[in-house]
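The following note is meant for a colleague who meets this structure for the first time.

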Amino acid sequence: MTGARACRQWFAAAGIVVCAGGMAASADPGQKTPEIRRGGHLEAEVAHDTSPPLWLIPPAPRREGQRVHPVFPLPRPHPGSPTSGPPAVPGSVPPPFIPATNVSFDGVGQGFTGPAGTFTVASAPPDTVGDVGPNHYVQLVNTDFAIFNKTGAPVFGPVPTNTLWSGFGGGCQSNNDGDGTVLYDPIADRWVISQFSVSTTPFLECVAVSQTGDPTGSWNRYAFQYGNFPDYPKMGVWPDAYYETFNMFNAAGTVYLGAQVCAYDRTKMLAGQAATQQCFSTSTTYGGLLPADLDGSRLPPAGAPNFVLALGATSTTLAYWRFHVDWTTPTNTTFTGPSTITVASYAEACGGGTCIPQGGVSQQLDSLADRLMFRLAYRNFSDHEAVVANHSVTAGSGVGVRWYEIRSPSTTPTLFQSGTYAPNSDFRWMGSIATDQSGDIALGFSVSSASLHPQVHYTGRLAGDAAGTMPQGEGSIIDGAGSQTGSSLSRWGDYSGMSVDPSDDCTFWYTNEYIPSNGAFNWRTRIGSFKFSACGGTTTDDFSISASPSSLTLAQGAGGSSTISTAVTSGSAQAITLSVSGTPAGATASLSPTSITAGGSSTLSVNAGTAAAGTYTLVVTGTGTSATHSTNVSLTVTSGGGSAIVNGGFETGTLSGWTSAGTTSVVTGGHSGTYAARAGSTSPTSGDSSIAQTFTAPAAGGTLSFWYKITCPDTLTYDWATATLRDNAAGTTSTILAKVCTNNGTWVKVTAPVTGGRSYTLTLVSHDDNYAGDATYTLYDDVQIDAPVSNPIVNPGFETGNLSGWTSAGTTSAVTGGHSGTYAARAGSTSPTSGDSSVAQTFTAPSGSSALSFWYKVTCPDTLTYDWATATLRDNTAGTTSTVLPKVCVGAGAWTKVNAGIVAGHSYTLTLISHDDNYPGDATYTLYDDVSVQ
């Protein structure tokens, strides 16, 4: 949307911030030496927070009625000369070498239906834009957005864009004003969505950064304030900042005040911390600036400034600036320019205004040719850097897309090649352009004429094609069956989106609008992908491998873990077999799993056992189908300071260190290594068989863990496995493995906290009733004490007396009567409530952690049909959600503990829920407390 606009211009000199209404210091468009300005306007965000998972947020209400967002043209002083056009032969295009689409599907538009319902157009134009990540395509139109998988199936939406700011407060929550962008951040595997809030003051730019690569999860949300109307915002991803450009107008939209370029503190925003922006302004000579936006896995040179480009002050120039931000010392931030690049003369299509014809109707469409079209796509190749840009120009009797490739943007920007794509007299405009890893260029656009309804097409060139040409022909994503009508409804596009798939760095994805049948406010959008067959060439499949942490310090008998991560560095993902070597005598080291696909991870579990004190190097080797790499983990073993677990992996081949009762032995087939202890036998035995060990926990304490696998063909009434832990100092015994009888042959992990310096006795039991034909026995292995894990949960026991650190929905509070301490969280109320009430928190499982636990107490006087407590744990890294507390309804429940396994290094969202049907007299609520990661 390009609506009423406003702006504030900021300059800093000698430490003084000055606000000017019009001309910037670099007002002379003909100056030869670009001005270097230092210390832009520094301002903190208005607010920031973290959203609940997107899939838990109800859609924001939609605005009633239809709106046309007006276009306010930018001042363009030089009309220029038209580009010589092709023969006026409608339909004559180059030979069809262009690849066909891989997928093509409808995006958000009239009648589009997704998980959140059916979309009805209420505004024009759609401002269609989208971007692609490893697993998703996210599309945003002026009022709504949706998330798709890469086969085209919608997995979220369509919902109003301000849904993303539900609960945030202020204009970002209450206004859904549009002019949005969405970008994938390939450096951090995150998503960035922004739109402005201009229906009320203060004027805001609302920016959200996903917490993981899953766009349906939680987002870090921000609002940045501007003194004037920040129109037509456009964003670029860069290592040191998210860069945003605006066309600034006064509040009435009657006076253009120049462009503004702002840098947002990307590092802070990725972490969900308080962030600032630093901004500079240009003179009114320039508008429609675009910041460079990174494509590909190769970053710009270290410290490279962001390259900002716009149409120049003449019809034979482009103007550029370099923006280098310094977050440590903002006074060192520089904004250098404008400088100029000479290009072939052009005339803006339609004089920058409205002249695009449509088939079968008299209504013409806007060209928006007074500015560059989104994005300014940047790529760092092995031997050069390049950006590509485009805008709409007059070409003979029609309109074409002028495009540019500019090289060396970080040093001496040079026009490497340019051309005007206009193969016939049709009108091609509203373009978007990008480059793949091989240097091939793809250009998407709208095409229309007096005999054509608007269509969504694309063209391209290979890296080896003649400079300045797009000779690969023209492909269609969809040919619209109608033209836009209505009372002077000329608004079209505002922008479109060409992006490159980070999964192969070759596949282009493009989205734009079309009309299904003659009408007004009935636009639809289309999303399509295609790939040049030679892209990637003979790139060898390769991967990297790393360990986190890369060093472990363990007391004798104690255990720890390191996450072994891999990443695809070139080509495609391959199968990798992992192994570990260098384990000292008396210690054990194992990997789970031992086979992964590049991009996946494994856990290295180490137990110091009886290894002599000293430092050792464990070598983890990944053997792939086309490459082998290794990473080292330094293991330091210290004296136990008391007898920790002895022979916890039974790799001595005996039960040395353990006290046996009943029928016990050491057998092959352990959880890791060769051996495990067996309590019971393959022949029936009578009563309990057990092994036990008394130990002193290391001074730092930690978590006792072991693995068991039971063979129990009987029922729990007669046969079982169980385990107890006696605190010899306190004289208390706890059951850490409740009686269990299964026969699924699965290894299961059990954990229990231990206090440093205390003496404990662990007893591992298997019980058999000696009945013929159903012998029960249990294998035990990998008994160890892991070093303490720092609990990543904020306010885990709610002892702040509030819900700080947690995201609430429905009716929630902190109340007295906790499981331990004073307070607990209450979801629901002692009075009836309607639907789900919940508290949720997103956290990252620290190294060495393997389990999450919490306590709950439900008061549910109704039945499970209507009311319940439940809890889910979403693995944001894997994109999966598990129910860790199945629905439960107990009249006056006791405190009950829930345990769930987690993977170190993964991001999770825990959601604790209480559901009430709002029926009078049977209010259901649930207390939650003592949330812990071990």
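What percentage of the 934 residues in the chain do buried residues make up?

1. Overall burial. The model under discussion is a predicted one. Buried residues account for 57% of its 934 residues. The accessible surface of the chain is about 32,100 Å², and carbon and sulfur atoms contribute 52% of that surface.

2. Dimensions. The radius of gyration of the chain is 32 Å, which agrees with the value near 30 Å that a compact globule of 934 residues would have. Along the principal axes, the C-alpha atoms fill a box of roughly 100 × 65 × 60 Å.

3. Secondary structure and contacts. The chain contains 2 helices and 68 strands. Of the contacts with a separation of 6 or more, 69% are accounted for by residues 24 or more positions apart.

4. Charges. The chain carries 39 positive and 63 negative charges.

5. Thr776. This residue is placed in the loop between strand E57 (759-769) and strand E58 (777-786). Is Thr776 buried or exposed? Thr776 counts as buried, because its relative accessibility is 0% and the cut-off for burial is under 20%. The side chain of Thr776 forms a polar contact with the side chain of Asp719, at 2.9 Å. Leaving aside residues up to four places away in sequence, Thr776 touches several stretches of the chain, including Gly680 and Ser681, Ile710, Thr711, Cys712 and Pro713, and Ser766, His767 and Asp768. Trp720 is also among the residues that Thr776 touches, as is Asp719.

6. Asn770. The loop between E57 and E58 also holds Asn770. Phi of Asn770 is near 65°, a positive value in a residue other than glycine. Asn770 has a relative accessible area of 42% and is therefore partly exposed.

7. Met430. A positive phi, of about 60°, is found for Met430 as well, although Met430 is not a glycine. Met430 belongs to strand E33, which covers residues 427-435. With a relative accessible area of 0%, Met430 is buried.

8. Cis peptide bonds. Which residues does a cis peptide bond join to Pro125 and to Pro158? Ala124 is joined to Pro125 by a cis peptide bond, with omega of about 0°. Pro125 lies in the loop between strand E10 (123-124) and strand E11 (129-132). Gly157 is joined to Pro158 by a cis peptide bond, again with omega of about 0°. Pro158 lies within strand E14, residues 154-160.

9. Thr50. Strand E5 (residues 47-50) contains Thr50. Thr50 counts as partly exposed because its relative accessibility is 30%. Thr50 and Val209 are 159 residues apart along the chain, and their C-alpha atoms are separated by 9.4 Å. A polar contact of 3.3 Å links the side chain of Thr50 to the side chain of Asn220. Beyond residues up to four places away in sequence, Thr50 touches Gln211, Ser218, Trp219, Asn220, Arg221 and Thr807.

10. Ala208. Some of the residues named in the previous point return here: Trp219, Asn220 and Arg221 are among those that Ala208 touches. Others touched by Ala208 include Leu164, Trp165, Trp191, Val192 and Ile193, with residues up to four places away in sequence not counted. Ala208 lies in strand E17 (residues 203-210) and is buried, with a relative accessible area of 0%. The C-alpha atoms of Ala208 and Leu552, which are 344 residues apart along the chain, are separated by 37 Å.

11. Ala389. Where is the place of Ala389? Ala389 is in strand E30 (residues 385-395). Its relative accessible area is 1%, so Ala389 is buried. Ala389 and Leu290 are 99 residues apart in sequence, while their C-alpha atoms are 9.1 Å apart in space. The residues that Ala389 touches, not counting those up to four places away in sequence, are Leu309, Leu376, Arg402, Trp403, Tyr404 and Ile433.

Key
Residues are numbered from 1 along each chain as its sequence is written. This is a predicted model: local features need pLDDT of at least 70, side-chain atom pairs count only at pLDDT 80 or more; totals for chains, interfaces and linings use all residues. Side-chain values use heavy atoms; hydrogens and water are left out. Helices (H or I, at least four residues) and strands (E, at least two) are DSSP runs, numbered from the N terminus. Buried means under 20% relative accessible area, exposed over 50%, partly exposed in between (1.4 Å probe, protein chains only). A polar contact is a pair of N or O atoms within 3.5 Å; within protein, one must be able to donate a hydrogen and the other to accept it, and residues adjacent in sequence count only if both atoms are side-chain atoms. Contact means heavy atoms within 4.5 Å. The radius of gyration is taken over C-alpha atoms; the globule rule is 2.2 Å times the number of residues to the power 0.38. Accessible areas come from the Shrake-Rupley method with a 1.4 Å probe; for residues, only the protein chains shown count as cover. Lys and Arg count as positive and Asp and Glu as negative; His and the chain ends are not counted. The place of a charge is taken as NZ of Lys, CZ of Arg, CG of Asp or CD of Glu.
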